[in-house]
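The paragraphs below are meant to be read with the sequence and the coordinates side by side.

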Amino acid sequence: YRNQARLLLSQSKAAEALEKAQLGYAQSREDSECSLVLAACLQANQRDSEALPLIERILAGKPNYAEAYANRAFIKLRANDTLGAIEDLEMTVSLKPHLTQIWRFLGNARYKSNNLLGAIEALKRARDNAPGNSAVMIQLGELLLKNSNVSEATNLFEQARVLAPDEPNVWANLGIASQQEKKVASAKIFF
């Protein structure tokens, strides 16, 4: 049931996933993985208030469960508790530093809390984990532009352009970077 629930979640079938997760949980209430899958399904169905106690119970018994911290962070983000979410995301990546997507969420949360340098640091970790991910390159480049690191941002956008030549954000950001460097002719090409 647990795996069926995960599969249904990946197919954006939240209601069906919840049914399977509830069946799995009913058979194994003490299994932290079943509890976490149920919590994720509850979250997907906008039932955070029911998911949160499950996650808290998991963390009480298993304080090094990275995925539980990540799920709790998403609940906190939806509740606009950015600082609480940052704490949980930081805990997640301290336990599992290879989770590229969590580094990206951490970068977004730090940026939202006006910590541009912290956001850049998180996205650099995401890039290190997934050096061929053009979306990470673009996101990091955009923050580097905001921090006036134009040449580093341009380098990232050029790498992303090779990987994703049809991505409009690459071209737009190359144009913005050219404008910031006062390269008007280049900027016109990119726009």
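This is a predicted model: local features need pLDDT of at least 70, side-chain atom pairs count only at pLDDT 80 or more; totals for chains, interfaces and linings use all residues.

Once its neighbours within four places in sequence are set aside, Thr 82 is in contact with Ala 109, Lys 112 and Ser 113. Thr 82 lies in helix α6, which covers residues 82-95. Is Thr 82 buried or exposed? Its relative accessibility is 12%, and because buried means under 20% relative accessible area, Thr 82 counts as buried.

Helix α6 has 14 residues and reaches 20 Å from its first C-alpha to its last, which is close to the 20 Å expected at 1.5 Å a residue. The buried residues of α6 are Thr 82, Gly 84, Ala 85, Ile 86, Asp 88, Leu 89, Thr 92 and Val 93. An α-helix has 3.6 residues a turn, so residues three or four places apart point the same way. Against which helices do the buried residues of α6 pack? They pack against α5, residues 66-78, and α7, residues 100-112. Among the elements of the chain, α6 also has the highest mean pLDDT, at 98, whereas helix α12, residues 184-190, has the lowest, at 50. For the chain as a whole the mean pLDDT is 92, and 94% of the residues reach 70 or more, but the value for α12 calls for caution when that helix is inspected.

The setting for these helices is a chain whose secondary structure comes to twelve helices and zero strands, so that the pattern read along the sequence is α-α-α-α-α-α-α-α-α-α-α-α. The C-alpha trace spans about 65 × 30 × 25 Å along its principal axes. Of the 191 residues in the chain, 43% are buried, and among contacts between residues at least 6 apart in sequence, 42% join residues at least 24 apart. The chain exposes about 10,100 Å², and carbon and sulfur atoms supply 51% of that area.

Gln 46 is found in the loop between α3, residues 32-44, and α4, residues 48-61, and it has a positive phi of about 60° although it is not a glycine. Its relative accessibility is 58%, and Gln 46 therefore counts as exposed. Asn 114, which is likewise not a glycine, has a positive phi near 65°, and its place is in the loop between α7 and α8, the latter comprising residues 116-129. With a relative accessible area of 73%, Asn 114 is exposed.

How far apart are the C-alpha atoms of Asn 3 and Ala 17? The two residues are 14 residues apart along the chain, and their C-alpha atoms are separated by 9.5 Å.

Conventions. Residues are numbered from 1 along each chain as its sequence is written. Side-chain values use heavy atoms; hydrogens and water are left out. Helices (H or I, at least four residues) and strands (E, at least two) are DSSP runs, numbered from the N terminus. Buried means under 20% relative accessible area, exposed over 50%, partly exposed in between (1.4 Å probe, protein chains only). Contact means heavy atoms within 4.5 Å. Accessible areas come from the Shrake-Rupley method with a 1.4 Å probe; for residues, only the protein chains shown count as cover. The expected span of a helix is 1.5 Å times one less than its number of residues. pLDDT is the predictor's confidence in each residue, from 0 to 100.
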